[in-house]
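Here is a short report on strand packing and ring contacts. The model comes first, then the details.

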Amino acid sequence: MALITMTHTIGTEAMTIARIVADGLRVEVYDDARLKEEALRMGLHTGQLRGFEEKPPDWLEHLWSGKPEMYHKLMESVIYEAARLGQGVIIGHGSQMLLHDFGCAVHVLVTAREESRIQRLVHESALSHEAARKLIRRSDNQKRGFFRYAFHKDWNDPELYDVCVNPDKMGSERAAQLIMDAARSPGVTSCGALALDALERRSKTSRIQASLMEMDIRHFGLRVEMPEKDVALISGVLYEPEDKVRIPAVVGKIPGVERVQMDVTLVPAGYD
């Protein structure tokens, strides 16, 4: 079983490499379309998926929705759920950061020279040279902004990756083979029961956090834990007594949550 995250920018043949790797290891590719399928299977609705792009929220999104953090938590939940099978090639969305603590995952960066990326887009998308250059730079800036917003890191930091490949130098087939060799190396173990259990708990925790954000609760230091895999513990300070009733009702409907424990303090009336 192989669990791989793959980070790339447009024009790098990354999807070709991902499919070769997935076919060679007999695992599934979790690209944008497949991740959205997984999100819908988890019970998310289409309106909750609009924040899944790898770009930072602009000021209008902050002003009108106020919920970019909610979309980020939903995305986290989907990534963890996809990884919970312990195998697959997960494309982008900060998966190398979310799964960085799991020794059973191999983190890959696919890169290429800007000029070769431009030529590839010109050939594949019938863009002019200048239009391709602008598209690449806009995409790179959005990815950089998303990563700094979501993780306070630079996405191209080499410490985040186990393998870096450049298909300009070696071609897609050889790049894919290097990734497969890394995934099969003795130092990379299959995800054990404890790792899979941790992934499941993280998926549920992120989903609960997103639900609480969607509820617009007035709180201070609200915290979500999963002391058992089907038990959610909510702690912190609430300002509205009805939220102590609303929270278990909403969280209890999340798939995989069978019991909600509340350990909260209510602010006395007049102290807000």
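## Strand E4

A residue counts as buried when its relative accessible area is under 20%. The model is predicted. By that cut-off, both faces of E4 are covered. Ala 105, His 107 and Leu 109 are buried on one side. Val 106, Val 108 and Val 110 are buried on the other. In a regular strand, side chains alternate between the two faces of the sheet.

E4 spans residues 105–110, and six of its six residues are buried, so the strand is largely enclosed by the rest of the structure.

## Strand neighbours

E4 runs parallel to strand E1 (residues 3–8), and six bridges join them. Leu 3 has Ala 105 of E4 as its bridge partner.

E4 also pairs with strand E5 (residues 163–165). This pairing is parallel too, over three bridges. Here Val 110 has Val 165 of E5 as its bridge partner.

## Aromatic contacts

Three aromatic pairs occur in the structure. One of them joins Phe 146 and Phe 147 edge-to-face, at 6.5 Å centre to centre and 65° between the planes. Another joins Phe 147 and Phe 151; this pair is tilted, at 4.9 Å and 50°. Phe 147 and Phe 151 are about one helical turn apart, because they sit four residues apart in helix H7 (residues 129–151).

Phe 146, Phe 147 and Phe 151 make up one aromatic cluster. Phe 146 is buried. Phe 147 is buried at 1% relative accessible area, and Phe 151 is buried at 13%.

## A charge over a ring

Arg 218 lies over the face of Tyr 239. The distance to the ring centre is 4.7 Å.

Note on methods: Residues numbered from 1 in each chain as written. Predicted model: local features only at pLDDT ≥ 70, side-chain atom pairs only at ≥ 80, totals over all residues. Heavy atoms only, no water. Buried < 20%, exposed > 50% of the residue type's maximum accessible area, 1.4 Å probe, protein only. Helix = DSSP H or I, 4+ residues; strand = E, 2+ residues; numbered from the N terminus. Pairing = 2+ DSSP bridges. Phe/Tyr/Trp six-rings, centres within 6.5 Å; stacked < 30°, edge-to-face > 60°. Lys NZ or Arg CZ within 6 Å of the ring centre and 35° of its normal.
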